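Here is a walk through a predicted model.

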Amino acid sequence: MLPCTPGLPNNPDSVGTIGPPLMRLGAIFVAVCMVIIAGSAGAIAYLYLGVSASEAATVGIASLTALALYNTVTTRLGLRTAVGRQLVDLARGVADLAGQVGELGRRLAAMEGKIEGAVGRTRAVTDPLTMEIGELGSLVKQLAEAVASHQTTIDQLSRAPAATPAAVLAIEALAQRLAAEPVTAPVLAPPAEVAQPPEPDTPAEAELAAAAPAAAAVPSGPTPEEIEARKLETALTSIRNAIDANRVDLYLQPIVTLPQRKVRYYEAMSRLRNERGELLHAADFVPQAERGGLMPKIDNLVIFRCVQVVRRLLLKNRDIGLFCNLSGATLTDPALFAQFLEFLEANRAIAPSLVLELTQSAVRGMGPIEHESLAALAERGFHFSMDNVTDLRIEPRELANRGFRFIKVQANLLLNRTGTATSDIHPADLSDLVGRFGIDLIAERIESEGSVVDLLDYDVRFGQGFLFAPPRPVRAEALQGIADRSDVVARDTGPSASVPDHGGASSLRAPSLPAPSLPAPSLPAPSLPAPSPAARGAPPAPAAAPEPAKPERTTGLAQLARGVVSRG
């Protein structure tokens, strides 16, 4: 603390101002002076004016009172003037501060306007670049696929042994024999009207003459590439015929809760029937259909049926759901995906019960176009699932941000019975890891009770496989009205017709699909017991006769979707 100096203020910040000690000393001095002046006035009145002592005391007191009042008034006036000057200075400072704040506000508003303008100009410049980069990405992907295909062809040709015809070998042998025999002078033949071929002089020449036509007549066989191309074209023709004839059947396999084994979801699986009525599983036609660009048409047809099945299931159980497989090629097809998105937009009321399923390879190979398509579906309330998982190196945060809510892993891969599981964490912790981001883990292809017991130790909540129920075809009555909708699509999107523009969407074309002929199977009950081994290999029920198509007036795809809603 600072020492207390008489007559100086204790606060060092108040230098130049009158402190309390100085004020007290001044007041004492003024009071003493006023007492002396009042006493002097009383003494003068008593001595010189001849008044009595009491009257002289009264005069002194009156003089003291007058002096006190005068001192008080003058002091207050001085304080009021000083305070007024300080208030004026304070008001001026406040006004200056307000002006500076207003100027800062105007500058901040101008800066925000400039930033918004710069952001708008940047978006205007980067949006076309983003679209072009996406197109370039798809072109580069196609180029890489073409280069890989050519490289594979070159490798096959380089590994193939050089096939030498037998006639060529015979010619080489005869040439060696001719070189070993002595050369004789030729005998000139007499001129003739018709030139005849010369007679062979030696047996070697005769064999050579006989082998030459044989060598010329040896046909060149088809190359392996031509054989593969013919097989692919044959398979694509069979798939196109099945799509055009609506020979696409829908099979359902339940997904049950563990360990209760209560049916919680179904997975829709598509099957094709060829001209002979034989069923083709997904593994038999999906690779060829993807190479031929036919998967968008198959997905577009299957989604119609899945929506109808979901509406039938929701009538009995509001907690049921359906997994519908989706190809990555559908997300990149602009025309068919626009039709696909419009139909799902009209049926977004069942979005919580319809899960779109993509393979792990399709998810990892997605580009900007696929991400935009997934975002458009997620904005309409649809969720996704990832299946065909080949390794457990999964980024659950990224999948959750894209709208994935399920991951399906084979039971043997999850239990690492194949010895090929690769992951940064132990498979037993995978369910907890994905669960933190709102993703449920489903173990598929469960074939034994021992697998169920092991999966319960891994905290797996859902299971799927032949242990619970095999895929079974959908009953024909569950798909009533689909033939009519397919006819409407075929009439609306003929060779020269297109779907009318709704909400600013571009004109779309749908595949011409005649009425389907569907089997009449039985849909599995909500609570399914474990089937016997004999039931797993049982053939499907015989196909029912197709229902006649009901005449409908030509409408757009949105009206078609509203018709599905009303019929569901």
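Over residues 183–195 the pLDDT stays under 50, pLDDT being the predictor's confidence in each residue, from 0 to 100. For that stretch the model has zero contacts beyond four places in sequence, where a contact means heavy atoms within 4.5 Å. Residues 1–17 also stay under 50 in pLDDT, but there the model has 11 contacts beyond four places in sequence. For the chain, the mean pLDDT is 75, and 67% of the residues reach 70 or more.

Some ground rules before going on. This is a predicted model, so local features need pLDDT of at least 70 and side-chain atom pairs count only at pLDDT 80 or more, while totals for chains, interfaces and linings use all residues. Residues are numbered from 1 along each chain as its sequence is written, and side-chain values use heavy atoms, with hydrogens and water left out.

Now the overall picture. The chain has 18 helices and 10 strands; these are DSSP runs numbered from the N terminus, with helices being H or I of at least four residues and strands E of at least two. Of its 568 residues, 32% count as buried, where buried means under 20% relative accessible area, exposed over 50%, and partly exposed in between (1.4 Å probe, protein chains only). The accessible surface comes to about 33700 Å², and 61% of that belongs to carbon and sulfur atoms; such areas come from the Shrake-Rupley method with a 1.4 Å probe, and for residues only the protein chains shown count as cover. Take the contacts between residues at least 6 apart in sequence: 72% of them join residues at least 24 apart.

Ile44, Tyr46, Leu47, Tyr48 and Leu49 make a nonpolar patch of about 630 Å². Patches are built from residues with over 30% relative accessible area and no salt bridge, with like charges joined within 9 Å and nonpolar side chains (Val, Leu, Ile, Met, Phe, Trp, Tyr) within 5 Å.

What about Lys408, buried or exposed? Lys408 is buried, because its relative accessible area is 0%. You'll find Lys408 in strand S7 (residues 404–410). Its side chain makes a polar contact of 3.2 Å with the side chain of Glu357. (A polar contact is a pair of N or O atoms within 3.5 Å; within protein, one must be able to donate a hydrogen and the other to accept it, and residues adjacent in sequence count only if both atoms are side-chain atoms.) Beyond its neighbours within four places in sequence, Lys408 is in contact with a list of residues including Ile255, Glu267, Asp387, Ile442 and Glu444.

Ile350 is another buried residue, with a relative accessible area of 4%. Ile350 lies in the loop between helix H9 (334–346) and strand S5 (354–359). Leaving out residues up to four places away in sequence, Ile350 touches Val307, Val310, Arg311 and Leu314. Gly321 is 29 residues from Ile350 in sequence, and their C-alpha atoms are 9.3 Å apart.

Thr257 belongs to strand S1 (residues 248–257). With a relative accessibility of 17%, Thr257 counts as buried. Its side chain makes a polar contact of 3.5 Å with the side chain of Gln260. Not counting residues up to four places away in sequence, Thr257 touches Lys262, Arg264, Arg461 and Phe462.

Arg461 brings us to the salt bridges. The structure holds 16 salt bridges, each a side-chain nitrogen of Lys or Arg within 4 Å of a carboxyl oxygen of Asp or Glu. In one of them, the side chains of Asp440 and Arg461 meet at 3.1 Å, N to O. That pair links distant parts of the chain, 21 residues apart: Asp440 is in strand S8 (residues 440–444), and Arg461 is in the loop between helix H15 (449–457) and strand S9 (462–463). Arg461 counts as partly exposed, at 47% relative accessibility.

Asp89 is partly exposed, with a relative accessible area of 47%, and Arg92 is partly exposed at 47%.
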